[in-house]
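Have the sequence and the model open as you read.

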Amino acid sequence: MSSERHLLDLSPRPPNPAPDILKPIPSSRSSRRSRGSRGSLDRINFAPPPSVIRYGSRAESDRLNASQKDIPDEDARLVSINDPTSTNERFEFSGNSIRTAKYSILTFLPRNLFEQFHRVAYIYFLVIAILNQLPQLAVFGRGASILPLAFVLFVTAVKDAYEDYRRHRSDRIENNRTALVFSAGDFRPKRWKDIRVGEIIKVQSNNTLPCDIVLLSTSDPTGVAYVQTINLDGESNLKTRYAKQETLLRAPEKQGLSGLIRCENPNRNIYGFYANMDIDGKRVSLGPSNIVLRGCELKNTSWAVGVVVYAGRETKVMLNSSGSPSKRSRLETHMNRETLLLSGVLIVLCILVAVFTGVWLAIHKSELEFAQFFRKKNYSNSAGRNYNYYGIGMEVFIRFLMAVIVFQIMIPISLYISMELVRLGQAYFMIQDSNLYDKTSQSRFQCRALNINEDLGQIKYVFSDKTGTLTENKMEFQCASISGTDYSNGNSSSPGDSGVYSVIVGDQYWRPKMTVKTDPELLRLLRNERNTEQGRNAINFFLALSACNTIVPLVVDTPDPAQKLIDYQGESPDEQALVYAAAAYGFVLIERTSGHIVIDVLGDRQRFDILGLHEFDSERKRMSVIVGFPDKTVKIFVKGADSSMFSIMEKTLNANIIRTTESHLKSYSSVGLRTLVIGMRAMNTTEFEEWHSSYEKASTALFGRGSLLKAVAANIESNLTILGASGIEDKLQDGVPEAIESLRQAGIKVWVLTGDKQETAISIGYSCKLLTGDMNQFIINSNSKESCKKSLEEALSTATKVSTMPLAGLGGGRTPLALIIDGKSLLYILETELEDELFKVATLCDVVLCCRVAPLQKAGIVALIKKRTDDMTLAIGDGANDVSMIQMADVGIGISGQEGRQAVMASDFAMGQFRFLVPLLLVHGHWNYQRMAYMILYNFYRNSIFVFVLFWYILYTAFSLTTAITDWSSVLYSVIYTALPTIVIGILDKDLSRKTLLKHPQLYGSGQREERYNLRLFILTMMDSIWQSLAIFFIPYLSYRHSTVDGSSIGDLWTLAVVIMVNIHLAIDVFRWNWVVHAAIWGCIVATFICVIVIDALPMLPGFWAIFHVMATWLFWFCLAAILVAGMVPRFMMKAFSEFFFPNDIQIAREQEKFGNVNENQNRVSEVAMSSFSDTQPQWML
């Protein structure tokens, strides 16, 4: 097993002390020294922060780090270091015990019932059950009327209780873990749940942080600690945190430690922290680099000591513990429409019964004194009082309420729990699908939202990120332009020519973990012509790649004890690729501390002091590092996007090189490479001292620190000499071109929203077959609102004319259209009147490609479609910048990629590769939609046919609302008699095979067109249920109307007829039969016979022995057969007629699958063929 340790003992003897100007100072992430003086900065202009966050504006988190006001005591959390008693004396701070469970033993029942009754349908059934308890309205037995609702509530409660038990168990394990807490002069073990704010804790290497702490000291003499945030955001790369110099050498066990931390109140911003610390009469500023959050793991640092500032539920990770946004499926929304229609039918039936009751009472008013249910007088005593009669008006009202109770199952309560069970089963099969398993990351498909499975079958728009979603986000250095000379490593090197550069450390050889293809010409320049101007520029270029980053080198053991691997860990895959590239050319980074780095420069190990570091931010789009060289000179290296770098170059001295470099950048971008520009400038003593003073003032400021540091960086990053540019390949994921083509054939529009530059985005568009050579492209790059308006009007005019013609591939002459627009143009369009113009143009185009877009602009593009169409949208991404887009879309999918798990945590579904969208949508999405759509219609049909049978019977019983069907049969109808088959079909049935669905992506269109669930089908289903109910009721009625058979006997016949009818109806519609389906359908029919026999065998229930009397006659069996024939023949004939003369795509594909030998002589192949971006590169890049 390999071990890892940080390289802190490898540097040669330190050089002679540098002058004062070379004294190392901290990076902008933290200030390691505090100055008492503060003042304004010269020559620095501050831009006012935006007052409103719009789509396309910078994220709010960027502004949180630049707060413009101090924290007053009344709004701050005051933490006394090493004094938890006084810390918690004034404030009621949370303990460190966490609780993710929702319920306790006492609160489970009331809270769970309260949550379940958020469903209006449950309230409806509760009211019905309560009404049935009133003597005047009692239709069913009081216990029987409560049973269906009680059963549904019980099943849901058991599920919730089990899930909460698992949460309780997890909480108990977490709270009882131990940590070292300073107490009585030493660090002693203490359970996590007992830790308090203000206590000092010590964390050992590879241990997890129990709470949010401000670092006080670490085992590293420079105060640096390396942490892994994989439990927080899923990122495995190491991140650096720092202890302040004022506390670095203070050991609590020896010198003691006290002070006061004034910090912001608990909040959810995991990337920001604003505080200051009073210690030894000095006030020191604290920032995000000084706090380590709960859940992080300490790596490559022996120990770290810190003071607790947030504990338990107030830690940032717990404040961010929220699930995916709640979404409702489209089918469920439509189901509410049908539920309202059924409610209308229910009210009409109840009104008819009430009106007919009034008419009957008026006609027979003279006979009521002797009527069975309406005797006016009770002659059991001399009082002669009214008995069971309240006058015509009140009787009509009572009959209306009684009818509501009798017909209550018109709204199927069992449908809700059936849908939950079906979705659970569908999710299980999606998770277990080997075609959705990513072998690279060893991750299975995740179903994080169970209530929108069927929406996967109705997607019309897919919004995709590029980096890490379409591409692998595994960067590989490809080429470089140095001082105007292009070094493309594919020109003359063979595929086997990879840079393997080793350094000797003692008796061991150390080499980088990854190899990079090298350019022979550039290698010759570095080895043989390093003293030439071009050679010196090349050396500075690779020194910049090695130094201008936050990479941490780790040494990893190998099976060969004489050889070690250097693993470069960092937050950015781009930085890792550049450092590996520099190592391949002989510039091996072997050590990094907060104050210096050690680089093996072509065999000569040198130490460089890190005098300052300005990290990358989204506003500057560049980072810089100020380096003290061994020869006492100071240089600043800057790297960043070309859009931000060329504006800070010294153009008078570098004009030709800049033009040549721009040409090379365009070439690199045209083949899909990610580009960075590198610049450098020497700094004299005066300039350095000015920067040093400004930097110190900004980094120790108590307010506006973020803006001040940005201003300092912008001031020093100027008048640079261009060194060159780099080209990094972000390889296309396997199967992406084929997946996009399949989605387009399925009628799904794929839009790509990326932050990359336009040339790179267009190149990737061609590589993944999103763009084609015959497309007519509308490119909108505007710098003003007027220009955007004009461009949109021109594009709309052209697109409108072209869109009227059929596509060239469909027998027409129309060329496909593509819209390419950048983020700057979207600033002038989104949330303005131009949105409608953009929507019209975009929907007329076949492809939309948005480049240089901000995270909120991505969400704005999704909202553009959602607000103006009923089409289903899906967003897929892998990074934190995709979260807003994922949450905005109807369906959000997170890719488990290289950029952490923020996207996964915010998503509805998660998977490992973009190509998995094809089987997910075209196969599982199609299946889920057709199953759920049929199940909903079937449940409406199943319950309505039962209600109509009851209604026909009431017409022949003086509207008394008595029922021939027993109370228990009415209750068990939706629970045992007919519930299981529909659930089994909803989980297992498949109208088409996987291969057919993948071979013909056009079949996916049935879900987009809502062919399986719409108002027309609902009306036809209701008409069918009315006809079948007529057959069920009148055939036995006509057969037995002159016989002596009692109501209970004919009621049992009706019960069995209804159950057999609805199950045969279901059997006719089953596509794929297996033993489970057979057992469910025929088993429920057998179970119904058994239940009816058992109910009639109980002497305490009405209808004792009725079923045995009626089953003994041939007429009983004749009626069952006649009912099935009369009820099902019309449906069977209509089904055969429509499928023979008017078949839809699904029916044609099923016939082809059965008779066309689609699945014969086909070897099992991958669902999406594999290809990579490398295969599409031009020859000069290979």
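We can start with a hairpin. Strand β23 (residues 552-557) has 5 of its 6 residues buried, so it is largely enclosed by the rest of the structure. Buried here means under 20% relative accessible area, with exposed set at over 50% and partly exposed in between (1.4 Å probe, protein chains only).

The partner of β23 is strand β24 (residues 563-569): the two run antiparallel and are joined by 6 bridges. Two strands pair if DSSP finds at least two bridges between them. One of the links goes from V555 to its bridge partner I566 in β24. The hairpin that β23 and β24 form has 5 residues between the strands.

A word on ground rules. This is a predicted model, in which local features need pLDDT of at least 70 and side-chain atom pairs count only at pLDDT 80 or more, while totals for chains, interfaces and linings use all residues. Residues are numbered from 1 along each chain as its sequence is written, and side-chain values use heavy atoms, with hydrogens and water left out.

Zooming out, the protein has 37 helices and 38 strands. Of its 1182 residues, 56% are buried. Take the contacts between residues at least 6 apart in sequence: 75% of them join residues at least 24 apart. Contact means heavy atoms within 4.5 Å.

Now for a sheet. Four strands line up in the order β2-β9-β10-β11 as an open sheet with antiparallel pairing. At its edges sit β2 (76-80) and β11 (282-286), each pairing on one side only. Neighbouring strands in this sheet are turned by 20° against each other on average, direction ignored. β2 is joined to strand β9 (residues 260-264) by 5 bridges, and the two run antiparallel. S80 has L260 of β9 as its bridge partner.

With a relative accessibility of 0%, S464 counts as buried. Leaving out residues up to four places away in sequence, S464 touches T469, L470, W751, V752, L753, I876 and F914.

Which residues of α29 are buried? They are A979, P981, T982, I983, V984, I985, G986 and I987, that is, 8 of the 10 residues in a mostly covered helix. The cover over these buried residues includes α11 (414-432), α27, α28 (967-977), α33 (1047-1069) and α34.

Helix α29 (residues 979-988) and helix α34 (residues 1075-1096) have axes that come within 8 Å and cross at roughly 165°. That makes α29 roughly antiparallel to α34. Angles over 145 degrees get that label, those under 35 count as roughly parallel, 65 to 115 as roughly perpendicular and the rest as oblique. The axes are lines fitted to C-alpha atoms, for helices over the stretch in contact, and angles run from 0 to 180 degrees between N-to-C directions. On the α29 side the contact is made by L980, P981, V984, I985 and L988, and on the α34 side by V1076, V1077, A1080, I1081 and C1084.

The axes of helix α27 (residues 917-955) and α29 also come within 8 Å and cross at roughly 165°. So α27 is roughly antiparallel to α29. Here R931, M935, Y938, N939 and R942 of α27 meet A979, T982, I985, G986, I987 and L988 of α29.

Here are the two contacts by handedness and class:

| Helix pair | Handedness of crossing | Residues in contact, by class |
|---|---|---|
| α29 and α34 | left-handed | 10 nonpolar, no polar, no charged |
| α27 and α29 | right-handed | 6 nonpolar, 3 polar, 2 charged |

A crossing is left-handed if the near helix is turned anticlockwise from the far one by less than a right angle, and right-handed if clockwise. Ala, Val, Leu, Ile, Met, Phe, Trp, Tyr, Cys and Pro count as nonpolar, Asp, Glu, Lys and Arg as charged, and the others, Gly among them, as polar.

Finally, A1080 of helix α34 is buried, at a relative accessible area of 4%. A1080 touches L980, P981 and V984, not counting residues up to four places away in sequence. From A1080 to V984 is 96 residues in sequence and 7.1 Å in space, C-alpha to C-alpha.
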